[in-house]
Amino acid sequence: MPSGDFPTQPGQTSGVRPFTVCGPDDPVPPALQGAVAALGNFDGVHRGHRALIEAVRQDAVNRQAGARPAAVLTFEPHPRAFFAPDQPMFRLTGPTAKEIVFGRLGLDGLFVRRFDGTLAATSPRGFVEGWLRDDLGLAGVVIGHDFHFGRGRAGTPAILADLCREAGITCRIVPAVAGGPGGAPISSSAIRAALAAGDMARANALLGYRWFVLAKVRHGDKRGRTLGYPTANLALDTCGLAHGIYAVRVRLPDGRLVPGVASYGRRPTFDDGAPLLEVHLFDFAGDLYGQEVAVELLAFLRGEEKFSSAEALIAQMDVDSARAKSAIRGDAVASMLG
């Protein structure tokens, strides 16, 4: 897996392979013209998605007409959010997180197209000829075995293959990748279920890297300082993560990767408020208010508890910190944060 520094801006990496993002209203840049692209929503960019990305890289290199750019095509907002805006969705990776992960996987770039009423009403043929061929100028596409597209999701993998052949676009269909519960295909749903159960080992194994979140540090009630455990507080959008204590690493705005221990939940000992991710960084002093950080979760240590006193909570936090440091030392899962 390519390594490199954490991108300072979406779509930018400092590794050896340039990575270009073509936004919803952007014309196709020269670096992505004639690309071979994997199509999908890619929530989580998990190991199953990685099979599509590896196929794209292979097809881009092996084309008889010469190497082509290797890319991914995805859509924002997520189609489920478009069709059911009143039903909040727990997304494993938002747009910026996806760019970070895609930028680590040896791709040349990412196409992001807007999912709106126009796209939702497009026929399968219009999707292939109008979007893939005319708008993006793709030379080839790679899809999963369960990919559906077009008005009413009428387009199947077989239909896409036929339409692409007529449009002069190659099409490769990648079978499911087993590895989920009971040998089931790896899926974003299985990863959400693992996170909801606090099973970080399972979630990270399905992802192939440590799951991480991005958020700005906000002001809190400063209670952690009085307890001897100052925290960086982050509010997470529609997060289905199990409430409890986690061993974490945090990528700071200056690029440093700092270990720590975090609590996600409602703070039942004090206020039972809205869920908040509170991160205590080991051996760190500084002001992070208003700055965006990335927090990767390595291990679940225990569930959220209500303590009878602040002293009892502090004693448990001492234990949690020691356990977090031990988990961090023994962690061997790949990181997307450098």
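Student: In which loop is V45 found?

Tutor: This is a predicted model, in which local features need pLDDT of at least 70, side-chain atom pairs count only at pLDDT 80 or more, and totals for chains, interfaces and linings use all residues. Residues are numbered from 1 along each chain as its sequence is written, and side-chain values use heavy atoms, with hydrogens and water left out. V45 is found in the loop between β2 (36-39) and α1 (47-62). Such helices (H or I, at least four residues) and strands (E, at least two) are DSSP runs, numbered from the N terminus.

Student: What is the phi of V45, and is V45 buried or exposed?

Tutor: Phi of V45 is near 45 degrees, which is a positive value in a residue other than glycine. Buried means under 20% relative accessible area, exposed means over 50%, and partly exposed lies in between (1.4 Å probe, protein chains only). V45 has a relative accessible area of 0%, so V45 is buried.

Student: Where does D283 lie, and what is its phi?

Tutor: D283 lies in the loop between β11 (276-281) and β12 (292-303). D283 is not a glycine, yet its phi is positive, at about 55 degrees. Because its relative accessible area is 85%, D283 is exposed.

Student: Which peptide bond is cis?

Tutor: The bond from E76 to P77 is cis, with omega near -5 degrees. P77 is placed in the loop between β3 (70-76) and α2 (79-83).

Student: How many residues of helix α3 are buried, and what covers them?

Tutor: Helix α3 (residues 95-102) is mostly covered, with six of its eight residues buried. These are A97, K98, E99, I100, V101 and F102. Their cover includes β1 (20-22), α1, β3, β4 (109-114) and β7 (212-216), where contact means heavy atoms within 4.5 Å.

Student: How are two packed helices described, and at what angle do α7 and α8 pack?

Tutor: Two packed helices are described by the angle between their axes and the distance between the axes. Axes are lines fitted to C-alpha atoms, for helices over the stretch in contact, and angles run from 0 to 180 degrees between N-to-C directions. Helix α7 (residues 188-196) and helix α8 (residues 200-207) pack at about 155 degrees, with their axes 7 Å apart. Therefore α7 is roughly antiparallel to α8; angles under 35 degrees count as roughly parallel, over 145 as roughly antiparallel, 65 to 115 as roughly perpendicular and the rest as oblique.

Student: Which residues make the contact?

Tutor: A190, I191, A194 and L195 of α7 meet M200, R202, A203, L206 and L207 of α8.
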